[in-house]
Amino acid sequence: MSLQLRKADHADMDLLFEWANEASVRANAFHTEKIPYEDHVRWFESMMADVETYQYILCESEKPVGQIRLNVEGCEAKIDYSVAACERGKGYGSQMLWMIQGQLAADQILYIKRLVGQVKYQNHASARAFERNGFLKKQLPEYILYEKNIE
């Protein structure tokens, strides 16, 4: 695999919209309703302007196969990621979770000290991806919380 993370740019807006509205992504999201395009455009513009949000696209040989976003509060970053429907089952989720840690160092985002993810209980693939990457698991009533301290 020739994988790389690249920063998202405005040309990725429609791709992220398509991925966000894919049926299983909506089913595993905490807000399961479809996202209207106008809402996505507003969210995308706001996200791209937010200095506390880092959005990356995972590419294999320049082909986009997934996305990972970090929403930062203080020294903690909440992870949101997804893999394109036609690319699932290939380990991209685990790869993104591993690669984002190195990307923080490469991009000199050194103030983030903890990564966290929230996973619905029925999302076994995402749970495995976090666990393979050494995240500590905490079972909460509504979801599984994954946490990892980073150097």
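Which residues in α4 meet which residues in α5?

1. **α4 against α5: the residues.** This is a predicted model. On the α4 side, the meeting residues are G93, S94 and L97. On the α5 side, they are A129, F130 and R132. By class, this contact divides into 3 nonpolar, 2 polar and 1 charged.

2. **α4 against α5: the geometry.** The two axes are 8 Å apart. The packing angle is about 40 degrees, which makes α4 oblique to α5. As for handedness, α4 passes α5 in a right-handed crossing.

3. **α1 against α3: the geometry.** Helix α1 spans residues 13–20, and helix α3 spans residues 37–49. Their axes come within 10 Å and cross at roughly 125 degrees. α1 and α3 are therefore oblique to each other. The crossing of α1 past α3 is right-handed.

4. **α1 against α3: the residues.** From α1, the contact takes M13, D14, L16 and F17. From α3, it takes Y37, H40, V41, F44 and E45. The residues of this contact divide into 6 nonpolar, 1 polar and 2 charged.

5. **The largest pocket: volume and centre.** Its volume is about 1,300 Å³. The lining has 45 residues. Nearest the centre of the pocket lie V25, Q67, D80, Y81 and S82.

6. **The largest pocket: who lines it.** Several helices give two or more residues to the lining: α1, α2 (23–28), α3, α4 (92–106) and α5 (124–132). Strands β3 (63–73), β4 (76–83) and β5 (114–119) also give two or more residues each. Both helix pairs discussed above are therefore represented in this list, as α1 with α3 and α4 with α5. The lining divides into 17 nonpolar, 17 polar and 11 charged residues.

7. **Y143: where does it sit, and what does it touch?** Y143 is in the loop between β6 (136–139) and β7 (144–149). Neighbours within four places in sequence are left aside here. On that basis, Y143 is in contact with F30, Q118, V119, K120, Y121 and K138.

8. **Y143 and V65.** In sequence, Y143 and V65 are 78 residues apart. In space, the C-alpha to C-alpha distance between Y143 and V65 is 26 Å.

Conventions
Residues are numbered from 1 along each chain as its sequence is written. This is a predicted model: local features need pLDDT of at least 70, side-chain atom pairs count only at pLDDT 80 or more; totals for chains, interfaces and linings use all residues. Side-chain values use heavy atoms; hydrogens and water are left out. Axes are lines fitted to C-alpha atoms, for helices over the stretch in contact, and angles run from 0 to 180 degrees between N-to-C directions. Helices (H or I, at least four residues) and strands (E, at least two) are DSSP runs, numbered from the N terminus. Angles under 35 degrees count as roughly parallel, over 145 as roughly antiparallel, 65 to 115 as roughly perpendicular and the rest as oblique. A crossing is left-handed if the near helix is turned anticlockwise from the far one by less than a right angle, and right-handed if clockwise. Contact means heavy atoms within 4.5 Å. Ala, Val, Leu, Ile, Met, Phe, Trp, Tyr, Cys and Pro count as nonpolar, Asp, Glu, Lys and Arg as charged, and the others, Gly among them, as polar. On a 1 Å grid over the protein atoms alone, a cavity is a set of points where a 1.4 Å probe fits but cannot get out, and a pocket is an open set with protein on both sides within 12 Å along at least five of seven lines; lining residues have an atom within 4 Å of a point. Grid points are joined across faces, edges and corners, and a volume is the space filled by probe spheres set on the points.
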